[in-house]
Amino acid sequence: MLLLTTMAPIAAMAQDIEFLYADYNHAVYQNGPASSQPMGELIGWDWPSFSFWVGADVSADVISGLSLQGPALPGGEPVPWIGDGYELEYTFDSKAEMTSSVVTGNYTFSATSPSFSEGISIPAYNQLPDQLLTSASYNELQAFDPARELTIDWLPFTEGQGELGGTISVEISYWDDTLPVPGSVTVFDYESPLVFDDNGLTPATMTSIAIPANTMVGSPYNSYTIVLNFMRVDTLAEASNVTGALVATVTSTDTVIEAHADLSGPTDWAGYPIVNGGYVDTASWMGWLEVSHAPWIWSNQTQGWLYLPEDHVTETGSWVYFAK
């Protein structure tokens, strides 16, 4: 899993090596308005609680013999091509397991073609706080209307506003086992723009994102998985021996939320029960009204359309606008 895939190189080079990186990550599942649990505790999810990635972000499969050497890898470890970069991935059940397994210190990337040797210093793990949605946003996602624009709000990512900045990304998908080959279908994917200033990336100050109406649709179970990734840049420098590449160490956290579309529709309009798929009986006030296209209402009495927002209806009546 590459977290730097969209970072553009400061200067292009023939072999298209953009980043050499190390990334600590922890992932949580938001299970309540203000609570979470480690992803590794969830049955049926192949998602570790803690991960450590180290590799090379490139624009194509162009490196031969890439390996990493260092205190924990004295004989060197091949760094494989994973389809969108070169990466070693290590997963762990706990923070203690990760910190005891990842040996800090100076490591070296090397390759046979193009031939290069570049150092990277892997620091100790400095875990990010869990990043959660606001309580109001979490509650709304438990029964949202897919036909309306949806705003997802989260608490400020203060760690990503430090000296070197950070990034925020949002991905929404659903699982479809009705397909010929069951799999995950992505319906929304956003990565915050990666803009460099004199120090590093610009601060990650976003606290919300708007999901357009009719985006979160298609799931056979009306259920969607939202993944927010928050990444803090810890170190960032130009490579010494790979022209145009950057060497970065980052720390990230994933917040996973399940959202559920409410397709049942309203059960009443302005206090009147909805029956027969969209009708309300207002009795002597206005008789039968068809409200499925509210605030435009069809009146059986007048055989015409009228404009009447539900919240305009009061005990003493309402102003009504009739269509000509």
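Predicted model: local features only at pLDDT ≥ 70, side-chain atom pairs only at ≥ 80, totals over all residues.
Residues are numbered from 1 along each chain as its sequence is written, and side-chain values use heavy atoms, with hydrogens and water left out.

Let us start with the whole protein. Its C-alpha atoms fill a box of roughly 85 × 40 × 40 Å along the principal axes. The protein contains two helices and 21 strands, taken as DSSP runs (helices: H or I, at least four residues; strands: E, at least two) and numbered from the N terminus. Of the 324 residues, 43% are buried, meaning under 20% relative accessible area, whereas exposed means over 50% and partly exposed lies in between (1.4 Å probe, protein chains only).

Now follow strand β4 (residues 67–70). Strands count as paired if DSSP finds at least two bridges between them. Three bridges join β4 to the antiparallel strand β5 (residues 73–78), with L68 bridged to E77, and the two strands form a hairpin with two residues between them. β4 also pairs with β7 (residues 105–112), again antiparallel and over three bridges; here S67 has S110 as its partner.

Finally, look at A124, in the loop between β8 (115–122) and α2 (135–141). A124 counts as exposed because its relative accessibility is 57%. Leaving aside residues up to four places away in sequence, A124 touches Y24 and T104, where contact means heavy atoms within 4.5 Å.
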